[in-house]
Amino acid sequence: MKNIAIATLIATQAHALVRGVAPDDQHLYEPKVVDGVATWNCLSDPSIVLSFDQINDDYCDCPDGSDEPGTNACSMYDKRFYCENEGHVPNFIENFKLNDGVCDYDYCCDGSDEYKSGACPNKCKEIHEQFQKYKAAVLDDIDKSLAIKSKYIDKATELRAAVEQNVAKLEAQIALYEQQLKKAETSQDDSTSTSYEAVLQKVSNSVNEAIEKYEQRVVEESERVLQLEKLLGKLIKGYNPNFNDLAVKEAVHGFQDYVSNKKDTEKVEHNVHEQLASAKTLDFGEGVASANEPATFGNMIKYYFAAEEQNSPQKVNVASSVSSSVEVKQLEKELEGLRKELGIYKQDLEKNYGDKDILRSISSSWVTQKFGEYIYKIGLQKAIYQDNTLIGNFDRFEDGKLYFNHGRKCWNGPNRSAVVELFCGSSQQLLSVSEPEKCEYYIQLTSPIVCEKVNEQDLLANFKINYDLL
Ligand code: MAN
């Protein structure tokens, strides 16, 4: 009974005292009292039983090193020592750094990592004050940056909406044009405009040509006849009837006959010209042509179309067929332009502009800053120049980075190119430029567009102690 009481006391004390173990894990180090002796089992292999005082005895007994949470005896097992850091934030330090003579205040502001020598006084109060100042400054900065970012998001939303509006407008316009085109195509089909028009034009051209040639010949023939009539007229008047020349007499009598039977030449010529002129006109007149009407060119066409019309239920309308063909061509041309424009807008909507399309808001932003020996001009969605040398044109945004390529060719090397990485900051500023490979640049920029809310963990991870102030 007495032994059990002592063991319980040991166990309670031991539990409170296990060095290097976080409060949440202390229960893993509760002793088991066996036959009045406080024992403990390795965590990874409970079949290995140690006496409780083998914990933190500077000798590694367990295969997982769990018996040495507060020493560096099992540091080959990648163990972490718990620093309480009262007054600041508890933390862990790798066990191999324990008692190495270095005050690792970044982890253990209370100096507990050097507990053996006690050479590191507790600096948690001072460090915590530094942290509080840092935190206030960062949060203030982030708040400002986030306010700017929110304006950028609004702008990006507006810009996207404008593109979407253009898409909707163009789609509506295209639908309308497509309807009109369908209508025009139907009316073109109805009137079989292309074939009638072509036939008409072809026939008209060749017939006109033939008529003109014929007219020309008629004129020439008339002139020749006139000349002959004049000659024979002279012969009739001037021949000597006393010469008994039979051939002359026969010619004179024949011509006298010809003259007395001759029709009114002018009238005939007039009629011929009239006929030819009317043949050339495309006067279709009213009503259906019949094969019995005079064989004018107009009647021929009229007859042709009348026959066509009988074969097809639609009305043949040469004038409308010509105009619908022009309209179809015009509509097709306009549709092509509209579709091209729509394609550009649609492609733009599919482009990666980052979360909430935020890169749209800085598409016209340029950062001009000297870095090293050059002045860099960086157009986040356009191009990058190193002085006047083109480093690259904007290509894409991928995995949070901006890619620029097809820059000016490097002597004995590739075309220049760059990758730009953005870091949170209240404005767009050049942080650094490096050239990991010849003419391949890596550029760091700050911008509010990548800022996010930060939590305590982020703040602690990024906080750097100012050792000069300790
Ligand atoms: C210029 C700059 C450099 C680059 C060399 C390559 O000096 O563009 O960044 O490395 O050309 O010849």
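Conventions. I am working on a predicted model, in which local features need pLDDT of at least 70 and side-chain atom pairs count only at pLDDT 80 or more, while totals for chains, interfaces and linings use all residues. Residues are numbered from 1 along each chain as its sequence is written, and side-chain values use heavy atoms, with hydrogens and water left out.

Ligand site. A side-chain N or O atom of Glu435 is 2.6 Å from an oxygen atom of the ligand. For Tyr441, a polar side-chain atom lies 2.7 Å from a ligand oxygen. The side chain of Tyr374 has an N or O atom 3.0 Å from an oxygen atom of the ligand. The ligand on its own has 310 Å² of accessible area, and the protein covers 68% of it. I used Shrake-Rupley areas with a 1.4 Å probe; for residues, only the protein chains shown count as cover.

Sheet of 8 strands. I read helices (H or I, at least four residues) and strands (E, at least two) as DSSP runs numbered from the N terminus. Two strands pair if DSSP finds at least two bridges between them. This open sheet has the order β6-β7-β8-β9-β10-β11-β13-β12, with mixed pairing. β6 (366-371) and β12 stand at the edges with a single partner strand each, so one side of each has no neighbour in the sheet. Neighbouring strands are turned by 25° against each other on average, direction ignored. Axes here are lines fitted to C-alpha atoms, for helices over the stretch in contact, and angles run from 0 to 180 degrees between N-to-C directions.

I followed the pairings along this sheet. β7 (residues 374-379) and β8 (residues 383-386) are antiparallel over 3 bridges, and Ile378 has Ile384 as its bridge partner in β8. β8 and β9 (residues 389-398) run antiparallel with 4 bridges; they form a hairpin with 2 residues between them, where Asp387 in the turn has a positive phi of about 55°. β9 is joined to β10 (residues 401-406) by 6 bridges, again antiparallel. The bridge partner of Phe397 in β10 is Leu402. In that hairpin, with 2 residues between the strands, Asp399 takes a positive phi near 50°.

β12 (residues 429-437) and β13 (residues 440-447) pair antiparallel over 6 bridges. Glu437 has Glu440 as its bridge partner in β13. Their hairpin has 2 residues between the strands, and Cys439 takes a positive phi near 65°.

Sheet of 3 strands. I found an open sheet with the order β1-β2-β3 and antiparallel pairing. Its twist averages 45° from one strand to the next. β2 (residues 37-41) pairs with β3 over 3 bridges, and Trp40 stands opposite Leu50 in β3.

Salt bridges. I found 16 in the structure, each a side-chain nitrogen of Lys or Arg within 4 Å of a carboxyl oxygen of Asp or Glu. One of them joins Asp58 and Lys116, whose closest N and O atoms are 3.1 Å apart. Asp58 is in the loop between β3 and β4 (80-83) and Lys116 in the loop between β5 (91-94) and α2 (124-190), so the pair ties together parts 58 residues apart in sequence.

How values were computed: Polar contact = N/O pair within 3.5 Å; in protein donor to acceptor, adjacent residues only side chain to side chain.
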